[in-house]
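Thanks for coming. I will go through one model this morning, and the sequence and the structure are on the screen.

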Amino acid sequence: MDAGSVNSSSSSSSSMLKTQSRCPLQEQFLQRKSSRENLDRFIPNRSAMDFDYAHYMLTEGRKGKENPVSSSPSREAYRKHLAETFNMNRSRILAFKNKPPAPVETFPREFASAPVEKAVKSRRYIPQSSERTLDAPDLVDDYYLNLLDWGNANVLAIALGNTVYLWDATEGSTSELVTVDDESGPVTSVSWAPDGRHIAIGMNNSEVQLWDSASNKQLRTLKGGHRARVGSLAWNSHILTTGGMDGRIINNDVRIRSHIVETYRGHEQEVCGLKWSASGQQLASGGNDNLLHIWDRSTASSNSATQWLHRLEDHTSAVKALAWCPFQSNLLATGGGGSDRTIKFWNTHTGACLNSVDTGSQVCALLWNKNERELLSSHGFTQNQLTLWKYPSMVKMAELTGHTSRVLYMAQSPDGCTVASAAGDETLRFWNVFGVPEVAKPAPKANAEPFAHLNRIR
């Protein structure tokens with residue numbers, strides 16, 4: 001009896017194995033061995049199933065494969081021809097949906113709460129042509145100079161040869177500030193002080209003049225700091241930082257007689273880019289030696305040359321274009337010259353290069369949008385264009401063309417909407433590239449205190 005029961009049991013288990021081997025798909029519906037296995041739930045899409053074909057494959061269709069001896073060659077050829085005719089050479093029987101159907105509404109629509117509509121921000125229109133073009137005769141076509149600046153009083157300063165002109169953007173009027181003699185000129189840099197009234201003018205003879213634009217009077221001349229032309233200027237409150245062809249960077253306190261208070265030495269060739277961070281703590285400098293330096297104001301010394309915080313050597317050409325990010329204080333964008341053609345982004349706290357984008361042409365200037373996460377770059381050969389980038393994806397949003405020579409200089413209006421560009425084609429163009437900033441919603445009024453109209457008890 002015991003032996004018979006064993007034989008009966010083994011025969012039944014063998015028949016189960018044969019049945020299971022014929023239908024491998026049934027393995028998906030067997031009871032799970034543990035609660036952590038096979039956790040995915042598949043929802044069949046019945047509209048995409050062919051039940052007749054599935055039934056055939058599970059019963060008649062697989063007999064020929066399991067019993068190949070009983071099938072004659074002519075019968076096998078007929079079966080293959082029949083399968084091709086009726087498109088039965090398929091391996092997929094069940095189809096599955098990507099997601100389950102939407103749930104059925106349990107409440108009538110009239111009792112359901114109204115859906116909250118998300119405000120979709122409309123795409124800003126970016127004009128492809130300049131809104132205004134002014135002549136700029138005798139504009140020096142020199143990559144290493146900085147001849148354009150837009151002050152906080154909405155007055156644009158531009159140096160044309162030996163003369164500095166002021167264009168009042170509010171009134172649209174032009175005036176001449178100063179014309180220097182040939183021994184001092186041409187003018188090699190201009191920069192407005194934060195008050196929008198005083199302006200610094202760098203000279204080819206290594207001197208720097210300070211002027212009062214309201215009275216058209218020269219206030220003083222800074223001498224003795226440099227041995228060659230001063231091509232870059234940057235203000236930090238009452239400190240005017242100057243960069244020269246001699247590779248020196250000097251902090252000048254314009255309030256005192258002995259104006260040189262700090263000296264930065266790190267560049268071996270001309271300093272063509274200078275920018276202070278918004279906090280006034282860090283200074284970025286770029287030079288014709290392909291170097292980018294980050295200097296920390298807290299470590300500056302009046303007794304000896306100050307040591308840089310970071311010395312960055314990733315660029316392969318002159319570094320003139322510098323722009324501190326307005327929404328992230330330690331983010332700096334830099335642009336390389338003709339053999340570099342890249343825009344790089346830096347964490348100035350660590351000195352790490354966060355990203356590098358090949359623009360395909362010389363990067364002459366960079367400006368951040370004050371209201372959106374966007375960056376504008378100006379370029380040289382071959383298109384001489386302005387390119388608007390979306391940050392941080394660095395997807396091109398627009399390319400503005402019109403200049404016929406490299407766009408050497410850019411300046412931004414005080415409200416951040418308009419950009420002025422000056423090029424070697426001796427034209428000054430104005431672009432409404434950054435658009436009008438959104439008006440901030442007024443803060444909700446606080447509820448009035450009870451008995452606010454009564455005098456307080458003291």
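In which sense do strand E19 and strand E20 pair, and over how many bridges? Strand E19 covers residues 331-336, strand E20 covers residues 342-347, and the two pair in the antiparallel sense over five bridges.

The protein chain has a mean pLDDT of 82, and 70% of its residues reach 70 or more. Residues 62-68 stay under 50, and the model has three contacts for them beyond four places in sequence. The pLDDT is also below 50 over residues 446-458, a stretch with one contact in the model beyond near neighbours in sequence. Where pLDDT is low, the predicted coordinates should not be read in detail.

Back to the sheet. Strands E19 and E20 belong to an open sheet of four strands, in the order E18-E19-E20-E21, with antiparallel pairing. Which strands stand at the edges? They are E18, residues 319-324, and E21, residues 352-358. Each has a single partner strand, so one side of each is left without a neighbour in the sheet. On average, neighbouring strands here are turned by 20° against each other, direction ignored.

There is a second sheet to show. Again four strands form an open sheet, this time in the order E22-E23-E24-E25, and the pairing is antiparallel. The edge strands are E22 and E25; with a single partner strand each, they have one side left without a neighbour in the sheet. From one strand to the next, the twist averages 20°. Inside this sheet, strand E23, residues 374-379, pairs with E24 in the antiparallel sense over five bridges. Leu375 stands opposite Trp389 in E24.

Now the aromatic residues. The model has 10 aromatic pairs. I will show one of them, Phe327 with Trp368. How are these two rings arranged? They are edge-to-face, with 5.6 Å centre to centre and 85° between the planes. The pair links distant parts of the chain, since Phe327 is in the loop between E18 and E19, Trp368 is in strand E22, residues 363-368, and 41 residues separate them.

Are the two residues buried or exposed? Phe327 has a relative accessible area of 30%, so Phe327 is partly exposed. Trp368 is at 4% relative accessibility and therefore counts as buried, because the cut-off for buried is under 20%.

Phe327 and Trp368 are also members of one aromatic cluster, together with Phe345 and Tyr391.

What kind of peptide bond joins Tyr391 and Pro392? The bond is cis, with omega about 5°. Pro392 is placed in the loop between strand E24, residues 386-390, and strand E25, residues 395-400. Another cis peptide bond runs from Gly185 to Pro186, with omega near 5°. Pro186 lies in the loop between strand E5, residues 173-179, and strand E6, residues 187-192.

Two asparagines are worth a stop on the backbone tour. Asn154 has a phi near 65°, a positive value in a residue other than glycine. Its place is in the loop between strand E2, residues 148-150, and strand E3, residues 155-160. For Asn290, phi is near 70°, again positive in a residue that is not glycine. Asn290 is found in the loop between strand E15, residues 282-287, and strand E16, residues 292-296. At 25% relative accessibility, Asn290 counts as partly exposed.

The last stop is Ser237, in the loop between strand E10, residues 230-236, and strand E11, residues 239-244. With 48% relative accessibility, Ser237 counts as partly exposed. How far is the C-alpha atom of Ser237 from that of Gly280? The separation is 8.1 Å, for residues that are 43 apart along the chain.

That is the end of the tour.

How values were computed. Residues numbered from 1 in each chain as written. Predicted model: local features only at pLDDT ≥ 70, side-chain atom pairs only at ≥ 80, totals over all residues. Heavy atoms only, no water. pLDDT = per-residue confidence, 0-100. Contact = heavy atoms within 4.5 Å. Pairing = 2+ DSSP bridges. Axes fitted to C-alpha atoms, helices over the stretch in contact; angles between N-to-C directions. Buried < 20%, exposed > 50% of the residue type's maximum accessible area, 1.4 Å probe, protein only. Phe/Tyr/Trp six-rings, centres within 6.5 Å; stacked < 30°, edge-to-face > 60°.
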